[in-house]
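Please take a look at the fold below before reading on.

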Amino acid sequence: MALTRDFKETVNARVQKDSQFTIALLDEAIFLFLNGEPETARLILRDIVNATVGFEQLAIETSKPSKSLHRMLSAKGNPTMDNLTAILNVLRKKLNIDINVQTTVISS
């Protein structure tokens, strides 16, 4: 039986090599938050944090305990908007990107 690479290792390696992939993941997380799928969005953010800044550095930069950040970005986490904004700001700075949200009006 062939050994396969763990999914988290694959995402981590891809984030390290491909900044456009990382930006697309962040964009997807924001899209999911805005469209009613916060559980998946938090898990994507957790993967991005693990692959980039790390939870210990995120704790320093947000002045939040690392354990609290882990809980916030779990499937059952419930970060406040202030905490979510702080996390996104650290990721923006680390990835050197601006976040622009575009809206589309859907008429019925």
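This is a predicted model: local features need pLDDT of at least 70, side-chain atom pairs count only at pLDDT 80 or more; totals for chains, interfaces and linings use all residues.

Residues are numbered from 1 along each chain as its sequence is written, and side-chain values use heavy atoms, with hydrogens and water left out.

**Overall fold**

- The chain has six helices and zero strands. Helices (H or I, at least four residues) and strands (E, at least two) are DSSP runs, numbered from the N terminus.
- Read from the N terminus, the element order is α-α-α-α-α-α.
- Of the 108 residues in the chain, 33% are buried. Buried means under 20% relative accessible area, with a 1.4 Å probe and protein chains only.
- Among contacts with a separation of 6 or more, 55% come from residues 24 or more positions apart. A contact means heavy atoms within 4.5 Å.
- The accessible surface is about 7600 Å², and carbon and sulfur atoms hold 51% of that. Accessible areas come from the Shrake-Rupley method with a 1.4 Å probe; for residues, only the protein chains shown count as cover.

**H1 against H3**

- The axes of helix H1 (residues 7-17) and helix H3 (residues 38-51) come within 9 Å and cross at roughly 60 degrees. That angle makes H1 oblique to H3. Oblique covers what is left after under 35 degrees (roughly parallel), over 145 (roughly antiparallel) and 65 to 115 (roughly perpendicular).
- Axes are lines fitted to C-alpha atoms, for helices over the stretch in contact, and angles run from 0 to 180 degrees between N-to-C directions.
- From H1, Phe7, Lys8, Val11, Asn12, Val15 and Gln16 meet Arg46, Asp47, Asn50 and Ala51 of H3. By class, the contact has four nonpolar, three polar and three charged residues. Ala, Val, Leu, Ile, Met, Phe, Trp, Tyr, Cys and Pro count as nonpolar, Asp, Glu, Lys and Arg as charged, and the others, Gly among them, as polar.

**H1 against H2**

- H1 and H2 pack at about 115 degrees, with axes 5 Å apart.
- Val11, Arg14, Val15 and Lys17 of H1 touch Ser19, Phe21, Thr22 and Leu25 of H2. This contact divides into four nonpolar, two polar and two charged residues.

**Leu26**

- Leu26 lies in helix H2 (residues 19-34). Leu26 is buried, at a relative accessible area of 1%.
- Leu91 is 65 residues from Leu26 in sequence, yet their C-alpha atoms are 8.7 Å apart in space.

Note on methods:
Buried means under 20% relative accessible area, exposed over 50%, partly exposed in between (1.4 Å probe, protein chains only).
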